[in-house]
Amino acid sequence: MEADKLKLPQNKDSTMCFSSSSKVFATNKKSMKKFQEEEAFQRMNFLYQAAASLLLKYPNHFDIATHYGAIMRSISKKSVLRMDISLKRSICKGCSIQLIPGVTAKVRIKNRPSPCVLWTCTICNTSKRYHNKKGYLTWTGRPESVAND
């Protein structure tokens, strides 16, 4: 009954995206893409939080958390979305598990040959080095990364 009352535009370029509550979210391709990106970010956020809470509550059940991490990485690749650098650095490249110090990762500070922080995954023994340079900013921290209108 509700669908009969709803008048939809009949434009050639417009596509429709509906929710379960029969509301119109997007009426053109550009806003539909934005909606899909937002949905992908929400799914990735949920998987990240689920993996973290699972690892903190049950540290021995890392196989499910690894699966959640792999799904999150595949969503990011399929929808061509960039994860924030803090999220990227907290996921193991070898086994896709979330790196939590003391639970799934060892964190060491090394001074030689150059000062760096060494993260080692306790599941697959993959290690990451993050060098400490004075004045170093990631791309998202630089002023030229911000788009001007």
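## Nonpolar cores

A nonpolar core is a set of buried Ala, Val, Leu, Ile, Met, Phe, Trp, Tyr and Cys residues joined through side-chain atoms within 4.5 Å. In this predicted model, the largest such core has 14 residues. Ala65, Cys92, Ile97, Leu99, Trp119 and Cys121 touch the most other members. Two elements, α2 and β4 (116-121), each give two or more residues to this core. A second, separate core has nine residues. Tyr48, Ile75, Leu81 and Met83 are among them.

Trp119 deserves a separate look. Neighbours within four places in sequence are set aside here. Trp119 is then in contact with Leu99, Pro101, Ala105, Lys106, Val107, Thr126, Ser127, Lys128 and Tyr130. One of these contacts, Leu99, is also listed with Trp119 among the core residues that touch the most other members.

## Overall fold

The protein has four helices and five strands. Along the sequence they follow the pattern α-β-β-α-α-α-β-β-β. Of its 149 residues, 27% count as buried. Take the contacts with a separation of 6 or more: 35% of them join residues 24 or more positions apart.

## The β3–β4 hairpin

Strand β3 covers residues 105-110 and runs antiparallel to β4. Six bridges join the two strands. Together they form a hairpin, with five residues between them. Within this pairing, Lys106 stands opposite Thr120 in β4. Lys106 is also one of the contacts of Trp119.

## The largest pocket

The largest pocket holds about 610 Å³ of space. It is lined by 23 residues. Closest to its centre are Arg82, Met83, Asp84, Ile85 and Lys88. Met83 also belongs to the second core.

Several elements give two or more residues to the pocket lining: α2 (29-57), α3 (62-78), α4 (85-89) and β5 (127-131). By class, the lining has 11 nonpolar, four polar and eight charged residues.

## The enclosed cavity

The structure holds one cavity of 30 Å³ or more. The largest cavity has a volume of about 50 Å³. Its lining consists of Leu47, Tyr48, Ala51, Ala65, Tyr68, Gly69, Met72, Ile91, Ser96, Ile97 and Gln98. Both α2 and α3 give two or more residues to this lining. The most come from α3, with four residues.

Eight of the lining residues are nonpolar and three are polar. None is charged.

Where in the chain is Gln98 found? Its place is the loop between α4 and β3. Is Gln98 buried or exposed? The relative accessible area of Gln98 is 7%. The cut-off for buried is under 20%, so Gln98 counts as buried.

Which residues does Gln98 touch, not counting those up to four places away in sequence? They are Tyr48, Ala51, Ala52, Leu55, Ser90 and Thr104.

Key:
Residues numbered from 1 in each chain as written. Predicted model: local features only at pLDDT ≥ 70, side-chain atom pairs only at ≥ 80, totals over all residues. Heavy atoms only, no water. 1 Å grid on protein atoms, 1.4 Å probe; cavity = no way out; pocket = protein on both sides within 12 Å on 5 of 7 lines; lining within 4 Å. Points joined across faces, edges and corners; volume = space filled by probe spheres on them. Nonpolar A, V, L, I, M, F, W, Y, C, P; charged D, E, K, R; others polar. Buried < 20%, exposed > 50% of the residue type's maximum accessible area, 1.4 Å probe, protein only. Contact = heavy atoms within 4.5 Å. Pairing = 2+ DSSP bridges.
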